Amino acid sequence: MISQSLVKEFQRLLGKEQVFLEETDRATYSYDAAVLEPVMPAIVLRPGTSEELGQMVRLCHENSLPLTVRGAGTNLSGGSIPGRGGAVVLTTALNQILEINEADLYAVVQPGVITAKLAAAVEAKGLFYPPDPGSMAVSTLGGNVAENAGGLRGLKYGVTRDYIMGLTFFVATGESVKTGSRTVKCVSGYNLAALLVGSEGTLGVISEITLKLIPLPAAPLATPATATCIPPSSPTAATGKSGPGSRPPWTPSSKRPWNWAGRSPANTASVRPKPASWKKSSERAP
Ligand SMILES: Cc1cc2nc3c(=O)[nH]c(=O)nc-3n(C[C@H](O)[C@H](O)[C@H](O)COP(=O)(O)OP(=O)(O)OC[C@H]3O[C@@H](n4cnc5c(N)ncnc54)[C@H](O)[C@@H]3O)c2cc1C
């Protein structure tokens, strides 16, 4: 049960409209994309600045109120389901791209920036932010860092971890910690940013993220590809043409009536090497 005096403190800090107490509002933030039991928070808070975020973390700490950070709530691990009777802290109003530095190839963002929004903003400047979780149209960069998110491009370009140059975060007491740098050469000191990546909000509340950018690749980022398996006896194989009716209906490979006789001599030769004693029929003894 949250005290009325603490509610008033939050309202004074954030403004009444950024403090949610109605059951319907709280129910909205009682679950995320994980298939887990919802847990009702006592209060939902939406700070609009980094300073408000820090003071709010401190207030929660001083009043022993469990705090759970939430971006878009798309994580699949229950990380943004609150502790019972605790507070949910939304980062959605902390959604500013603070800097895109084209010369030094980095961007500085607030944690509530939508992943796809950053990707589009840097692409407009000929730069590339590769991490592409399937949820990037709605997920936040703070959530991406806390989950070390990555998508299909990860195979070639890596995941969120590979693009973190620096972080600013609040520890549980509300003190701010800045780690990392905007320069490529940053080799001394503890790599605290690496600890925060994948920590699912358990080690601190991220308030600012410095991300590495790379030049936009010249080639298209995706190429549609189709794979076909056409029996050699099909009209398509024989004529090389495709079109309606030119391909037989799909059959599983175990049931395909391969017509080896229909193969060209060259193909047959490559598939079934002839024994050394093999002779053409004209050369064989009658
Ligand atoms: C349709 C769909 C497709 C998806 N595809 C992918 C995919 O391809 N790859 C992939 O990796 N994941 C994927 N996910 C999972 C999810 O989208 C990612 O984990 C994403 O990074 C979560 O971002 P979010 O803003 O929704 O974070 P949330 O779900 O709100 O939070 C995730 C975690 O981060 C913490 N957190 C959020 N903000 C902060 C902050 N500022 N400071 C500290 N901690 C914070 C939360 O407490 C929570 O533990 C997918 C999910 C869905 C629903």
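Are α1 and α3 roughly parallel or roughly antiparallel to each other?

Mentor: This is a predicted model, in which local features need pLDDT of at least 70, side-chain atom pairs count only at pLDDT 80 or more, and totals for chains, interfaces and linings use all residues. Residues are numbered from 1 along each chain as its sequence is written.

Helix α1 (residues 4–14) and helix α3 (residues 50–62) pack at an angle of about 170 degrees, and their axes lie 10 Å apart. Helices (H or I, at least four residues) and strands (E, at least two) are DSSP runs, numbered from the N terminus. Axes are lines fitted to C-alpha atoms, for helices over the stretch in contact, and angles run from 0 to 180 degrees between N-to-C directions. Angles under 35 degrees count as roughly parallel, over 145 as roughly antiparallel, 65 to 115 as roughly perpendicular and the rest as oblique. The helices α1 and α3 are therefore roughly antiparallel to each other.

On the α1 side, the contact consists of Glu 9, Phe 10, Leu 13 and Leu 14, which meet Glu 52, Gln 55, Met 56 and Leu 59 of α3; contact requires that the C-beta atoms of two residues, placed from the backbone, lie within 7 Å. By class, five residues of this contact are nonpolar, one is polar and two are charged. Here Ala, Val, Leu, Ile, Met, Phe, Trp, Tyr, Cys and Pro count as nonpolar, Asp, Glu, Lys and Arg as charged, and the others, Gly among them, as polar.

An open sheet of five strands runs in the order β5-β6-β10-β8-β9, with antiparallel pairing; two strands pair if DSSP finds at least two bridges between them. At its edges stand β5 (97–101) and β9 (176–180), each pairing on one side only. Direction ignored, neighbouring strands of this sheet are turned by 10 degrees against each other on average. Helix α3 packs on the sheet, where it touches β8, β9 and β10, and its direction makes about 140 degrees with that of β10. Helix α4 (residues 115–123) packs on the sheet as well, touching β5 and β6 (106–109), with a direction at about 35 degrees to that of β5.

Within the sheet, strand β8 (residues 164–170) pairs with β10 in the antiparallel sense over six bridges, and Gly 166 stands opposite Thr 210 in β10. On β6, Val 108 has Thr 210 of β10 as its bridge partner, and four bridges join β6 to β10. Strands β5 and β6 also pair over four bridges, with Tyr 106 as the partner of Asn 101. Their hairpin has four residues between the strands, and Leu 105 takes a positive phi near 55 degrees there.

The ligand is surrounded by 32 residues, the closest being Gly 71, Gly 79, Gly 142, Gly 143 and Gly 201; a residue is near the ligand if its C-beta atom, placed from the backbone, lies within 6 Å of it. Helix α5 gives the most to this shell, with five residues. The shell divides into 10 nonpolar, 18 polar and four charged residues.
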